[in-house]
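I opened this notebook to record what I looked up in one structure.

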Amino acid sequence: MKISFIGGGNMTRALVTGLKQNGFNTQDINVVEPDAEKRAQLKAEFGVNVSEQLPSVSASDVIVLAVKPQQLRDLSIFLGSLLSKQLVISIAAGIRTHDLARWLGGYQAIIRVMPNTPAQIQAGISALYAMPEVSATQHQQAELILSAVGKVLWLDDEVKMDAVTAISGSGPAYVFYFIEAMQQAALELGLSQDDARNLSLQTFIGASQLAMQSDENPATLRSQVTSKGGTTEQAILTLEAASVKSAIIKAAKAAAEKSADLGDILGKD
Ligand SMILES: NC(=O)C1=CN([C@@H]2O[C@H](COP(=O)(O)OP(=O)(O)OC[C@H]3O[C@@H](n4cnc5c(N)ncnc54)[C@H](O)[C@@H]3O)[C@@H](O)[C@H]2O)C=CC1
Ligand SMILES: O=C(O)[C@@H]1CCC=N1
């Protein structure tokens, strides 16, 4: 299977890293990227083919659209004439498949995907939504690519993509934000950089794995850490007083709303 990525930025790098680590032949990957420095870096780092020219994608079985949502329309209007039988995968936040199909001149072999950056260590999770016209083989092609870099779930309703974007697409940023705060606290409490990093990250990994493997819900697991009159209780009381949980919920809802807005606004053209 030959894959072309259009846009050689953060998410393409994450996907290509994961695919390479999983044994995918990078000679079968082509990246179209206007920035010469990025092209040279991608070629040197991954051994992929790179091009400045969009027509280079015609020879691929799968074309992954990995440009910013705001860049997708202009690109798609040109891309439409180059398509014959390829599967088009769009990872752009917010952009709905029927708008993309319209920009591509009525081309409907489209799967919309929301991946996330842990794909680069094959620990991603991607949600996929296929237009009804997508063939069984094309479903398998998309699943093969995305399952090489993490877990995969299919959505039956494209509307859910806004929620997925807010949770797993943007989610790594919320987790890194929390880790930043934990590390800063560790430093302010007098620990070294190394100890701050190790203690924070191993705590995140350990707690996540425990939550994954346990039958208990996170609130119960939290209560098992929280001794009455103890240290955790003081921390949780402080978090509650600062409305941290409701701020996180509000943040995710703002992300979902932004995804829907991008679809509404950019889809008008
Ligand atoms: N970064 C993330 O965590 C995630 C991003 N996404 C989506 O992936 C897409 C790309 O995001 P990033 O990689 O973060 O953005 P980015 O800005 O890092 O990469 C976009 C790349 O596209 C290139 N580009 C611009 N116009 C182009 C054109 N006409 N032809 C070819 N390449 C062109 C730019 O030079 C840039 O290198 C976005 O639509 C975003 O919504 C989806 C899931 C997660
Ligand atoms: O921030 C963004 O718009 C993209 C989509 C999900 C993660 N990054």
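Conventions. I note that this is a predicted model, in which local features need pLDDT of at least 70, side-chain atom pairs count only at pLDDT 80 or more, and totals for chains, interfaces and linings use all residues. Residues are numbered from 1 along each chain as its sequence is written, with chains lettered from A and ligands numbered from 1 in the order in which they are written.

Strands. I took helices (H or I, at least four residues) and strands (E, at least two) as DSSP runs, numbered from the N terminus, and counted two strands as paired if DSSP finds at least two bridges between them. β1 (residues 3-6) pairs with β4 in the parallel sense over four bridges, and Ile-6 has Leu-65 as its bridge partner there. β4 also runs parallel to β5 (residues 87-90), joined by four bridges; Ile-63 is partnered by Val-88.

Faces of β4. Val-62 and Val-64 point one way, Ile-63 and Leu-65 the other, and all are buried (20 or more other C-beta atoms within 10 Å of the residue's own, C-beta atoms being placed from the backbone). In a regular strand, side chains alternate between the two faces of the sheet.

Contacts. I listed the partners of Ile-6 beyond four places in sequence; among them are Val-32, Val-57 and Leu-75 (contact: C-beta atoms, placed from the backbone, within 7 Å).

Ligand 1. I found that α1 (10-21) and α3 (69-79) each supply at least two residues of its shell.

Definitions and conventions
Two residues are in contact if their C-beta atoms, placed from the backbone, lie within 7 Å. A residue is buried if 20 or more other C-beta atoms lie within 10 Å of its own, exposed if 12 or fewer, and partly exposed in between; C-beta atoms are placed from the backbone.
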